[in-house]
Amino acid sequence: MVELAVNLFDDAPRHELAVAALKAEARNLNFHYGGFHALKDISLPVYDHSITALIGPSGCGKSTFLRCFNRMHDLYPGNRYQGEIVLYPDNVDILAPSVDPIEVRMRISMVFQKPNPFPKSIFENVAYGLKVRGITRRDEVEAKVEEALRGAALWNEVKDRLHDLASNLSGGQQQRLCIARALAIDPELVLFDEPTSALDPIATASIEELMLELKERVAILIVTHNMQQAARVSDHTAFLYMGEVIEFNDTKKLFTMPDKKQTEDYITGRFG
Amino acid sequence: MLNPGRSRSRRLRERLIETLLFLAAASSVAITFAIVFILVKEALPLFREVPLASFLTDRQWTPLFDDAHFGIMTLIAGTATTTAVALAVAIPMGTVIAIYLSEFASFRLRETIKPILELLGAVPTVVFGYFALLVVTPLLQKLYPDLPGFNMLSAGLVMGVMIIPYVSSVSEDAMRAVPMHLREGSYAMGATRLQTAVRVVMPAAFSGLAAAYILGISRAVGETMIVAIAAGMQPNFTVNPLEPAATISAFIVQVCLGDLPHDSLGYKTIFAAGLTLMLFTLVFNILGYWLRKRFREIY
Amino acid sequence: MTPAPTANLRKLIARHRLREQLFTIIGLLALLIGLLVLLGLFTQLAVTGAPRLTPEFFTSFPSRIAEKAGILSAWVGSLLVMLVTACTAIPLGVAAGVYLEEYAPKNWLTAIIEINVMNLAGVPSIIYGLLALGLFVYQFGFGQSILSAGLTLALLILPIVIVATREALRAVPGSIREAAYALGATRWQMVSHHVVPYSAGGIMTGVIIGLSRAIGETAPIITIGALTFIAFLPTPPVTGEFPFLSFQWLKNPFTVLPIQMFNWTSRPEEAFQLNAAAAGVVLLVMTLAMNALAIWLRYRIRRKIKW
């Protein structure tokens, strides 16, 4: 994993894809948990075929923002969105009340902080999203499961025990299984919510490597509390503080020459 | 100021108290031993007169007749039939209510319903027996005029209603214990609440659900007053719920209602019946205990 | 890359949604049916029993004439039996709970006691009746008395009291125990001055629930041979002459409310079934009131105490 080690001043062109099309865009997004104004007027682009990282101190709203993209907040009462998140290419506001959150979640999948495989077999875990989408033809399901497991760099480790319980896998393998599960439904955007915070450094490195491969296929939005991780993997980074976007920039720019004093204070460890 | 004499007497007092408390706790074990001892001791003389083989295989239970038969299967058939009717009501209803409360209902509805369910679990069974005999049976007779006044169907149905709170409350606890992040994993794949409940939450709570069902079975098998009042107390080898029949517990009540001299044949038979009942509930208790322990350990 | 959701997928989601809504209705219906059936049954009981619920019903002995029969001996019997049950089950159950929670070492003996308490909670009540018949009535020679009945029900609710006591003690944080020890308290002083008083509310909740269960129990009382036709009251516990207290009542034959109700329910004459309904209302109101009290108590404790 040496090549992934921190090298913030690497001059290699990292952002050939930065000019790629927009995949999604938050426009003046406000979010309330009951009486608490958690996100304040956030506008932020998410580019296709690239990784956008959200950093900031605990409680700054980065996870809350991430969970707006697949309408997870709809599951709990008392949450309220204002503003829009537009998904391209078809230009729909996924927060509009007329849009079914289930349809959104079928297009935008998510990997959670703690690996959360279902108490089922490895195969069934990956096939779950297909089942939910009504795909039941055995050969089609098998092909998709294999493709997803390969995509998550897990196939070689589990191909002989697809029908074992997922809970028997190691933490890192479980998280890659959750990534495979998210990939199986051919998402357009994958949300990662601190995907490595429960993992050891070796497992973390393999997940990071995987994300770099995945961005060839999908757009990625990742929340991380680990600034080195943001610097290692992302193309763009947004710094959030107290529910607001303080700065959004190319990752290299943000970590080397931030525009804002607050950003600089945060990345140099003066607070947060 | 340290006073060695006072310190010694204090230690002595502490030891004494601890011993007394231990005896109180150990008394619960003594109760179990007493139950087993009394049941075996009082039932044993019966097995000197009746071979175990005929106890288990005879298809008649007429211990107080001149032509005495001691086929416990007759009473087991009655118990199994009323239990089956009760479970046919309690398991589907209890499970649906548990899923609804755990996965669909608002916090406020759940917090209102749970104490009500708990209250219903406290209704004396003799009151349910009254309902079965004097309300439900007449209603059923309107639908099916040939139904006898004593029948296992009505007793089983009412028993099922009685057991719903137990089944739904333990099932609901088991499903609530499934961590939220598993549900979120399912929702994030585009699953509906129902799909999440059936495909993710229920499999995850499986052993807890099984424990709830076993608790229901154990209650139904041991339940006495509803069947004694509404199913009739005459032994009848049948599994047809439309007929009257005695369960193990109802037979014990029937014998005890009469004059019961110590060491009479009737006296011995109720202990043999009780021993059989105890064995059944013991098996279900152990199974339920094991399952509950398992579902606590998963998370 | 997949295209945006097709019409087919939309149809599938709509179908899933429909099923979900259907289940919401089924779930609500199951809940309502369950509650309405019970509400209907209780209403029927109340309406049937209401005409009999006169003051005389509570002050009359059972009688061959249904209209004149009352529950005097039954409720007095229930009260006295509960007195014996409470006096036995509360000290024994609380002591056992305290031992298991505060004293017991983690060893096989403790494990056996714990499993045993769980198991006792699942033993059918009629089995306790058989135990009492063999042990109290014949072995100890207590006869078919208030004492036998009270002890039987005490054994029956012992697991409830033990479990409730343990749960209440467990809610007291360890820091309180350490604070008491730090001031030089012995273990018993820590338990009796602090932990038990602080958890008294929770213990009370369990005791009330246990007693409400005992007051409605019928089967074990039938088994020990409670008489159903009792037209007299037990010897009064307080006498006019020295030593002013009499325990003669413990040995008296008796009847209790659920037995009286069972007896009336089993009679073919409809007039007696009205009495059964009236007795049922009394029994139901008593048990539900006790349980409501316990639930309210628990709710209050939860709100009041913030460790």
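This is a predicted model: local features need pLDDT of at least 70, side-chain atom pairs count only at pLDDT 80 or more; totals for chains, interfaces and linings use all residues.
Residues are numbered from 1 along each chain as its sequence is written, and chains are lettered from A and ligands numbered from 1 in the order in which they are written.

Let's start with chain A. Please find Pro89(A), in the loop between strand E4 (79–87) and strand E5 (92–93). Strands here are DSSP runs of at least two residues, helices are runs of H or I with at least four, and both are numbered from the N terminus. The peptide bond leading from Tyr88(A) into Pro89(A) is cis, with omega near 10°.

Next come two residues with positive phi. Asn28(A), in strand E1 (residues 22–33), has a phi of about 50° although it is not a glycine. Is Asn28(A) buried or exposed? Asn28(A) is exposed, because 11 other C-beta atoms lie within 10 Å; the cut-offs are 12 or fewer for exposed, 20 or more for buried, and partly exposed in between, with C-beta atoms placed from the backbone. His49(A) is not a glycine either, and its phi is near 50°. His49(A) sits in the loop between strand E2 (36–47) and strand E3 (51–55), and it counts as partly exposed because it has 18 other C-beta atoms within 10 Å.

Now over to chain B. Its domain assignment, automatic or from a database, gives domain 1 (4–49) and domain 2 (73–298). Taken over C-alpha atoms, the centres of these two domains are 33 Å apart. Each domain of chain B brings seven residues to the contact, where contact means C-beta atoms, placed from the backbone, within 7 Å. On the domain 1 side, six of those residues are nonpolar, none polar and one charged. Here Ala, Val, Leu, Ile, Met, Phe, Trp, Tyr, Cys and Pro count as nonpolar, Asp, Glu, Lys and Arg as charged, and the others, Gly among them, as polar.

Finally, chain C. It is divided into domain 1 (1–52) and domain 2 (55–306), with 38 Å between their C-alpha centres. How many residues of domain 1 of chain C are in contact with domain 2? Seven are, and they meet eight residues of domain 2 of chain C. The domain 1 side has four nonpolar, two polar and one charged residues.

Key. Two residues are in contact if their C-beta atoms, placed from the backbone, lie within 7 Å.
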